Amino acid sequence: MTPPQGRSLLTDGDEAAFSGRLLALARRTALEEGAGALSTVRLAREAGVPKLTVEKRFRTRADLLAALQADILVEAAEALVDALGGMSPRRPQALETLCRLWVAHWLDHPALFRVAFPEGAAPPRTGPRDPLAPLAPYFEEGLDGEGGRARADLLLCALHGIVQAQLGPRPGDWTEPGELVALAVDAARA
């Protein structure tokens, strides 16, 4: 029996596994050759499936890149929460510790940083799930009060800039990343 037109033969679990396989292939390509090498056509060829099979999940190259970015950010956010070792978001030093871990994570994984933030792009914060949601309690507790979301965005932009500066060409001497993180957290709390 064939499924109704437009329906997949895959179960929900199989569908998630297949989409995960496609993202793993896309990640490999992006890490080896840069995000510019990604396309739905190439991904279909590497996966050994028709182009329409890929485009059912990722309609455009932009959709594919956004899904890959979100996947990398979810993985990073979960790793950071693990690295915090159960530290309560309410502890006074929790936000600064998280921010130091954020910078260290991306400095330890520069290729992933370049895929997650191509051409200096800011973190994607839209879609079915905010990929940075696991970090939200730390930002909410550390930046409580009026304008908390805007101050969290300001802090993320500062952290992003710190990583970019450390990974790029560095004319002259830059302030150490740890000191910059402390200044960025203080500025966001002000």
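Are tryptophan 106 and phenylalanine 117 buried or exposed? I looked this up in a predicted model. Both tryptophan 106 and phenylalanine 117 are buried.

**Entry: aromatic residues**

I checked the relative accessible area of the tryptophans. Tryptophan 106 comes out at 0%, so I list tryptophan 106 as buried. Tryptophan 102 is buried as well, at 3%. I find both tryptophans in helix 5 (residues 94-108), where they sit 4 residues apart, about one turn of the helix.

I then looked at the ring pairs and counted 5 aromatic pairs. The ring centres of tryptophan 102 and tryptophan 106 are 5.9 Å apart with the planes at 70°; edge-to-face applies because the angle is over 60 degrees.

Tryptophan 106 also pairs edge-to-face with phenylalanine 117, at 5.5 Å centre to centre and 80° between the planes. I note that this pair links distant parts of the chain, 11 residues apart: tryptophan 106 belongs to helix 5, and phenylalanine 117 to the loop between helix 6 (110-116) and helix 7 (136-142). I recorded one aromatic cluster formed by Trp102, Trp106, Phe113 and Phe117.

**Entry: helix 8 and helix 9**

I turned to helix 8 (residues 148-167) and helix 9 (residues 177-189), which pack at about 165° with their axes 9 Å apart. That angle is over 145, so I call helix 8 roughly antiparallel to helix 9. Their crossing is right-handed.

On the helix 8 side I listed the contact residues, among them Leu154, Leu155, Ala158 and Ile162; on the helix 9 side they include Leu180, Val181, Ala184 and Val185. I sorted the residues of this contact into 11 nonpolar, 1 polar and 2 charged.

Terms used: Residues numbered from 1 in each chain as written. Predicted model: local features only at pLDDT ≥ 70, side-chain atom pairs only at ≥ 80, totals over all residues. Heavy atoms only, no water. Axes fitted to C-alpha atoms, helices over the stretch in contact; angles between N-to-C directions. Helix = DSSP H or I, 4+ residues; strand = E, 2+ residues; numbered from the N terminus. Parallel < 35°, antiparallel > 145°, perpendicular 65-115°, else oblique. Left-handed = near helix turned anticlockwise from the far one by under 90°. Contact = heavy atoms within 4.5 Å. Nonpolar A, V, L, I, M, F, W, Y, C, P; charged D, E, K, R; others polar. Phe/Tyr/Trp six-rings, centres within 6.5 Å; stacked < 30°, edge-to-face > 60°. Buried < 20%, exposed > 50% of the residue type's maximum accessible area, 1.4 Å probe, protein only.
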